Amino acid sequence: MWTRNVLEDPVQAETIPQGERTNEKRSPVTGQVLGRFPIASAAEVQAAVARARQAAPAWKSSSLEGRMRLLMRIKDVLRTHGEEYARRIGEDTGKPHADALMSEMLPVLATLDYYKKNAEKILGRKKQPSSILFPGKASYVEHQAIGVVAVISPWNFPFNLAIIPVLSALISGNTVVLKPSEVTPITGEVVREIFARIGLPVGVVEVVQGDGGTGAALCEANVDKIFFTGSVATGRKVMAAAAKRPIPVELELGGKDAMIVLADANLKRAAKAAVWGGLLNCGQACVSVERILVEAPVHDRFVELLRTEVSNVRVGGPDEDADMGPMIFGRQIETVERHVEDAKKRGAKVLLGGHRLDRPGQFYAPTLLTNVSPGMAIYDDETFGPVLPVVKVADQDEAIRLANDHQYGLNGSVWTRDIKRGLALASRLECGQATVNDLIISVGNPALPFGGVKNSGFGRYHGPEGLLTFTQPKAIMVDRGLLNSEPFWFPFRGKYGPMKDAFDALAEGRMTKLVGAFVKLARVR
Ligand code: NAD
């Protein structure tokens, strides 16, 4: 059996042979070809899963402390290579270097620190009360690794959304096969490199680059859980594939986050936040602000503040000191164009933007829309682009009704100077995360669970749930073994009377009677 020695003297991961098909990667900033990346075949996926399967027992039985010590080496790797990685992620996605550091890498460091401090408490064996029916016994719950976890990740935060679930599954004692998005294969290579650099034993993390076919092959392979982040349409396919075996899935899907701006809000702060929350990563965040619901008395003033803030947003590539980069996935621009055209046809007003930028690459102008209402695609569907749709609402109740009457439920926010009111409204929002006078940040707090409701998916990661989701709880009960028999064991002959007394006593909540009934039960031989 593999022991801690292996953790201390690890083997470098092998280079995985890849398929003959390749995927052309173009720069979202210039449109130039940056390289070709392999698309792993089904056979290569199965081979990767087999390596992960072989590595699983030893990794599962290694100590949490040893696993954590090894994984903490990622901090050293990021300290040494972080700037280079930010540049490569920028090349892949076009996002500003500052954002590559902030949104992609900082949360990984914070997550490692959080789990270093808390993983033992979260995963360790816990004593539980034994039922009143079983006096004198000890009860525990343990959280055991599931086995081999498939992580399938998207292109919008291709580093963060790949590495954090992988790390969480590893800390919990699973081995992992990661399938990064084919849209951002450069970042997929960065992730592969990081795990190779910390010297994990062969098979503990396998990275298979490839497209949807590769992802589908991974779902059909011999894995024990699928952790999927991506669109609703693909999430449905992943779940259908998982149902065949059946294995657990976690789906982190899209969003259409509502930001509710009440008349008593700090409007300047709210406007700056809306523009950051809607245009960060060019609007390609599952937690982007995608609907701004503004109370009528402050609607016009707020729209003017938004107009000023949006006008100040600098657009460009990572080397242009910009706030907002290009669309990472070229075809996503077509969705944005379709949504904006549909909104215009149905009566929305374009105050700013609403068109592609006249330059090479995949740039779309920061866009401000007013007069938006349900029934428009820009309101009903996830846009995943740099558009701020503003909806005028009569009051807080209409805002909450609209926010909740939607297919998605990922994030939401309430803006008011009355914190009590803000908290009460945040509780009424039907979503996985809610903030008051802030946006998005809860996803950056490694102590808080993250996930969606409705079409935004189910399951949670980050926080304690982020480790527990990669485990199976195991219940354990212990008896000291001193008595030769138990009151509940055979023979049943002669036990009906005292059993009925015990039943009545528990139903009536009469504990003395219950003890008496147990004594009688124990005496029946
Ligand atoms: P996508 O569904 O197109 O692809 C996601 C991943 O699934 C990719 O790696 C892709 O290759 C793979 N895939 C495609 N077909 C597959 C199949 N049949 N079986 C298995 N895997 C398959 O999503 P995307 O366009 O990369 O990402 C954007 C979407 O992700 C948006 O809807 C966004 O809101 C959502 N998202 C959600 C979260 C969250 O945490 N809730 C975070 C980021 C993005």
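The report below covers the ligand, the pockets, the cavities and the backbone.

This is a predicted model, in which local features need pLDDT of at least 70, side-chain atom pairs count only at pLDDT 80 or more, and totals for chains, interfaces and linings use all residues. Residues are numbered from 1 along each chain as its sequence is written, and side-chain values use heavy atoms, with hydrogens and water left out.

## Ligand site

The ligand is surrounded by 30 residues. A residue counts as near if one of its heavy atoms lies within 4 Å of the molecule. Lys 179, Glu 182, Ser 231, Leu 253 and Glu 382 are the closest. By class, the shell holds 14 nonpolar, ten polar and six charged residues. Here Ala, Val, Leu, Ile, Met, Phe, Trp, Tyr, Cys and Pro count as nonpolar, Asp, Glu, Lys and Arg as charged, and the others, Gly among them, as polar.

Three elements each supply at least two shell residues: helix H8 (212–220), strand S8 (225–229) and helix H9 (232–243). The largest share, four residues, comes from H8. Helices (H or I, at least four residues) and strands (E, at least two) are DSSP runs, numbered from the N terminus.

| Residue | Distance to a ligand oxygen atom |
|---|---|
| Trp 155 | 2.8 Å |
| Lys 179 | 2.6 Å |
| Ser 231 | 2.6 Å |

Taken alone, the ligand exposes 850 Å², and the protein buries 90% of that. These areas come from the Shrake-Rupley method with a 1.4 Å probe; for residues, only the protein chains shown count as cover.

## Pockets

Where does the ligand sit? It sits in the largest pocket. That requires more than half of its atoms to lie within 2 Å of the pocket's grid points. The grid has a 1 Å spacing over the protein atoms alone; a cavity is a set of points where a 1.4 Å probe fits but cannot get out, a pocket is an open set with protein on both sides within 12 Å along at least five of seven lines, and lining residues have an atom within 4 Å of a point.

The largest pocket has a volume of about 1,300 Å³. Of its 49 lining residues, Trp 155, Val 183, Ser 231, Thr 234 and Phe 329 are the closest to its centre. Strand S1 (22–26), H8, S8, H9 and helix H12 (332–345) each give at least two residues to the lining. The lining divides into 18 nonpolar, 17 polar and 14 charged residues. For volumes, grid points are joined across faces, edges and corners, and the space filled by probe spheres set on the points is taken.

The second largest pocket holds about 500 Å³ of space. It is lined by 22 residues; Leu 483, Ser 485, Glu 486, Pro 487 and Ala 522 are the closest to its centre. Its lining has 13 nonpolar, three polar and six charged residues.

## Cavities

The whole structure has five cavities of 30 Å³ or more. Strand S10 (257–261), helix H14 (396–404), strand S15 (408–409) and strand S16 (411–415) each supply at least two of the lining residues. Six are nonpolar, four polar and four charged.

The second largest cavity has a volume of about 50 Å³. Its lining includes Asp 257, Val 287, Asn 411 and Ile 440. S10 and S16 are the elements that give two or more residues to this lining. The largest share, three residues, comes from S16.

## Backbone

Most residues other than glycine have a negative phi, and most peptide bonds are trans. The bond from Arg 245 to Pro 246 is cis, with omega near -20°. Pro 246 lies in the loop between H9 and strand S9 (249–252). Phe 490 and Pro 491 are also joined by a cis peptide bond, with omega about 5°. Pro 491 is in the loop between strand S20 (471–478) and helix H17 (496–508).

Asp 321 is not a glycine, yet has a positive phi of about 55°. It lies in the loop between helix H11 (296–311) and H12.

Key:
A polar contact is a pair of N or O atoms within 3.5 Å; within protein, one must be able to donate a hydrogen and the other to accept it, and residues adjacent in sequence count only if both atoms are side-chain atoms.
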